[in-house]
Amino acid sequence: MARRKRGRGCRDGVRDSGRHADGFWFNDRKKQCDTFMILYLFAFLGGVGLFLYGMELLGGGLQQAAGSKLQKVLESLTGVPVMGVLVGALVTATLQSSTATTVMSVGLVNAGVMTLKQAFSVVMGANIGTTLTAQLIAFNLTDYLTIMIFIGVMVRVFAKHKNGQFIGQIMLGFGLLMLGMKVLGDAASPLRSSPVFVDFIARFADNPVLGVFVGIILTILIQSSAATVGILMVMAGHGLLPLEGAIPVLLGDNIGTCLTAIVAASRSNKSAQQVALSHVLFNSVGCVIFIIFMPLFIKVVLAISPAGDIGRQIANSHSAFNVLNTLIFLPLITPFTHLIEKLLPDKDDKISFKPLYINNNMLETPSIAVMLAEKEVIRMGEVAQKNMHMAVESLVSYDESKVKYVLEHEPIVDKLNEEITRYLTRISAKGGLGGALSAKHMALMHACIDIERIGDHAQTLVKRSRKIFEESIALSPEAQHEIERLGALTERALKISLESFAKNDKKMAEQAWEACREVKAAQKEMRNNHIRRLNEGACHPDSGLVFLELVINMKRTSDHAKNICQMVLGIF
């Protein structure tokens, strides 16, 4: 009697359970195959989830350990492009996210603090910094991942100091990242038995454009270029993908990571949109160049990588592409940015009602979030200061255009106050604020209140100015002179106070405090003079009432300016 042949399952070790009574044993085997493929898909997705969560913990721990130092690094950026590249690489390596660095650059350009050239140099550096994750993964420390997770958890739970807790978080994050890689590898292994998948992957080497397209889509879906590179390394390590097929996907990965910056810039001004466009063109042009010279690029990668270590070769391909692409564009940064400005001209000089700095993507990194909130508060102060200047000028010499300017721009101060306060509340809800950041956070909350009130006083002054003009209220020459003098003193006190806040300059804050005292003394003197004029009949009671309202509003403006400079001095 002939032995029945065993049917092959959908993978090794999975066999049919024998012929059913109805003879349809094939259907049973097919169901088993489908079940296993679904399980492997879930395992694959779980591996991606572990990888991304590990990256989040790793980046969060690094950022927290860096603390306020990271903010100082960002503020040290100069107009030298090489410095911008270094800063971009360092910040991205710390945040473990090129997207976060790029979005932040978009916000800084949107606020007018960073030029397009500076932002583009940071973007180039961010592309280099993001390759650090792939280099770490290439060490293939999966044999030690359980030890790293255990030590990371123990250190994070039992460390008494925050720096120790952050170090534990870094170890835990890296351990989970490597665990995700292992799960990905185990889930990808059965794909070797799928002729359809193997045939599709093999086309990447013969058709690089297809690989680029897959890289773009995959990175957009996962929202992490590092995760895309990790998947490539796993697949290549299991013999599913040659280096020639992995590189086009890497190139597409760099283009796909631009999406978040595009979204962030879409609602911003033209300057910010120019940064997003420069990012897309930088990666796209680089992609075309390296596809054209693919054989030469592969030789370079093989020359700098260990033979037979496909994981390291892919990691080096990622780093080499971004470094070489930066070296190509760095000497051309001036004409390139000029080209961007021609392709997307910036003709918008209006003040935006929307916040230009704050970004919800930065809430997970408190030091950056607080810094962006501070910049937004400073911008809010500049708008309020300009409103006060226009208000004082309209009192000295009535000009309806200046009155309209203040009335149109006062809502900007109110809107910014609302948005910044909400953003600061979200920062505190996230937690993780150290002593210095907590003090800064509180100062910003108080500053928002004072600046918003200054904006209200500017609005009141222009309304009084319009009333004086429309109702032909006559102020005595002495009263008019005093309004002009007190306005100048108030503007000076406000200017020095806001400048001391922006620069965190205590010496300047002391000068602002003294200037505020001058306003108070002048206001008291003018009030006494006003009573004298009323008694002498030199001033009409109706005009005298308006005069008092003007003097009080200016003095209260000075009081809020004093509150701001007190924050710089540490007096709350």
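Student: Why is Glu499 called partly exposed?

Tutor: This is a predicted model. In it, Glu499 has a relative accessible area of 26%. Buried means under 20% and exposed over 50%, so Glu499 falls in between and counts as partly exposed.

Student: What makes Lys503 exposed?

Tutor: Its relative accessibility is 53%. The cut-off is over 50%, so Lys503 counts as exposed.

Student: How do you know that Lys503 forms a salt bridge with Glu499?

Tutor: The closest N and O atoms are 2.9 Å apart. The rule asks for a Lys or Arg nitrogen within 4 Å of a carboxyl oxygen, so the pair qualifies. Both residues lie in helix α21, four residues apart, about one helical turn.

Student: Why is Glu374 called buried?

Tutor: Glu374 has a relative accessible area of 6%.

Student: What makes Glu374 and Lys440 a salt bridge?

Tutor: Their N to O distance is 3.2 Å. The limit is 4 Å, so the pair counts. Glu374 sits in helix α18 and Lys440 in helix α20, 66 residues apart. Lys440 has 22% relative accessibility. Buried would need under 20%, so Lys440 is partly exposed.

Student: What about Glu418 and Arg422?

Tutor: Their side chains meet in a salt bridge at 3.1 Å, N to O. Both lie in helix α19, four residues apart. Glu418 has 39% relative accessibility, and Arg422 has a relative accessible area of 33%. Exposed needs over 50% and buried under 20%, so both count as partly exposed.

Methods. Residues are numbered from 1 along each chain as its sequence is written. This is a predicted model: local features need pLDDT of at least 70, side-chain atom pairs count only at pLDDT 80 or more; totals for chains, interfaces and linings use all residues. Side-chain values use heavy atoms; hydrogens and water are left out. Helices (H or I, at least four residues) and strands (E, at least two) are DSSP runs, numbered from the N terminus. Buried means under 20% relative accessible area, exposed over 50%, partly exposed in between (1.4 Å probe, protein chains only).
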